[in-house]
Amino acid sequence: MVSVGEAAKGIYGAWRLAHGDRGGLAWFDTSMTGYWKSFGAAIVALPAYVALVGLAIANWPGEVHLPGILLVQAIAYVIDWFAFPLAAIYICDSLGKGQHYTRLIVALNWAKVIEVAIMLPAALVASLAGGTVLALIPAVIMGLVVVYHWYVTRVTLGASIGEAVMVTVINLTIAIITSMWARSLLL
């Protein structure tokens with residue numbers, strides 16, 4: 001289990017990367033122990049994720065079957081946290097960046113805490129805004145999250161712009177497929 005101090009270091013490192021500071025990498029424990037503990041970020045991010053699911057349920061089309069929604073969303077959450085790290089083993093090796101794999105995953109795991117913390121208020125504003133221009137805020141935030149993912153990928157792997165774009169697109173594609181799969185089970 002990740003300690004509060006370890007979580008604080010990981011989140012701080014991700015926060016520094018979000019500000020374009022490559023020095024944020026120094027805050028990550030990229031050992032195998034640190035790698036596994038970075039998945040504790042899923043627990044840190046969980047309350048905000050649950051709130052995002054709650055906002056989605058509030059705007060759900062049709063009848064809401066809460067137990068089914070919660071089960072499917074819980075499964076999708078776990079898949080979202082582990083599918084890309086599994087794929088990244090092969091991606092990093094094929095790019096000749098295997099030595100940076102743990103650094104990539106540790107940084108992206110802690111970055112997810114920052115991302116969900118930013119996405120939650122944006123989703124709340126959009127849900128309260130109705131059909132106004134404020135409803136576009138989550139789309140803008142999502143665009144920034146993708147750029148942030150790209151930057152973290154580029155810095156952690158020492159990748160070229162194109163390599164980082166490719167890895168980011170694969171990561172995003174896996175997340176979209178997982179989300180679409182979960183939604184398809186519920187509609």
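Predicted model: local features only at pLDDT ≥ 70, side-chain atom pairs only at ≥ 80, totals over all residues.
Me: How far apart are the end C-alpha atoms of helix 4?
Reply: Let's work out what to expect. Helix 4 covers residues 66-94, which makes 29 residues, and at 1.5 Å a residue it should span 42 Å. The separation in the model agrees with that: the end C-alpha atoms are 42 Å apart, a value of 42 Å.

Me: Which residue just after helix 4 takes a positive phi?
Reply: Step just past the end of helix 4 and look at the backbone there. The phi angle is about 75°, and the residue that takes it is Gly96.

Me: Is Thr153 buried or exposed?
Reply: Start with where it sits: Thr153 lies in helix 6. Beyond its sequence neighbours up to four places away, Thr153 touches Leu104, Leu108, Gly158, Ala159, Ala164, Val167 and Thr168. Its relative accessibility is 1%, and buried means under 20%, so Thr153 counts as buried.

Me: What is the separation between the C-alpha atoms of Arg154 and Ala164?
Reply: Arg154 also belongs to helix 6, and at 27% relative accessibility it counts as partly exposed. Leaving aside neighbours within four places in sequence, Arg154 is in contact with Ala159, Ser160, Ile161 and Ala164. Arg154 and Ala164 are 10 residues apart along the chain, yet their C-alpha atoms are separated by 5.0 Å.

Me: Which helix gives the largest share of the lining of the largest pocket?
Reply: The largest pocket holds about 1,500 Å³ of space. Two or more lining residues come from each of helix 3, helix 4, helix 5, helix 6 and helix 7. The largest share is 11 residues, and it comes from helix 5.

Me: How many residues of the lining of the largest pocket are nonpolar?
Reply: The lining has 45 residues, and those nearest the pocket's centre are Tyr49, Leu52, Met119, Met142 and Ser179. Sort the lining by type and you find 9 polar and 4 charged residues. The nonpolar residues number 32.

Definitions and conventions
Residues numbered from 1 in each chain as written. Heavy atoms only, no water. Helix = DSSP H or I, 4+ residues; strand = E, 2+ residues; numbered from the N terminus. Expected span 1.5 Å × (residues − 1). Buried < 20%, exposed > 50% of the residue type's maximum accessible area, 1.4 Å probe, protein only. Contact = heavy atoms within 4.5 Å. 1 Å grid on protein atoms, 1.4 Å probe; cavity = no way out; pocket = protein on both sides within 12 Å on 5 of 7 lines; lining within 4 Å. Points joined across faces, edges and corners; volume = space filled by probe spheres on them. Nonpolar A, V, L, I, M, F, W, Y, C, P; charged D, E, K, R; others polar.
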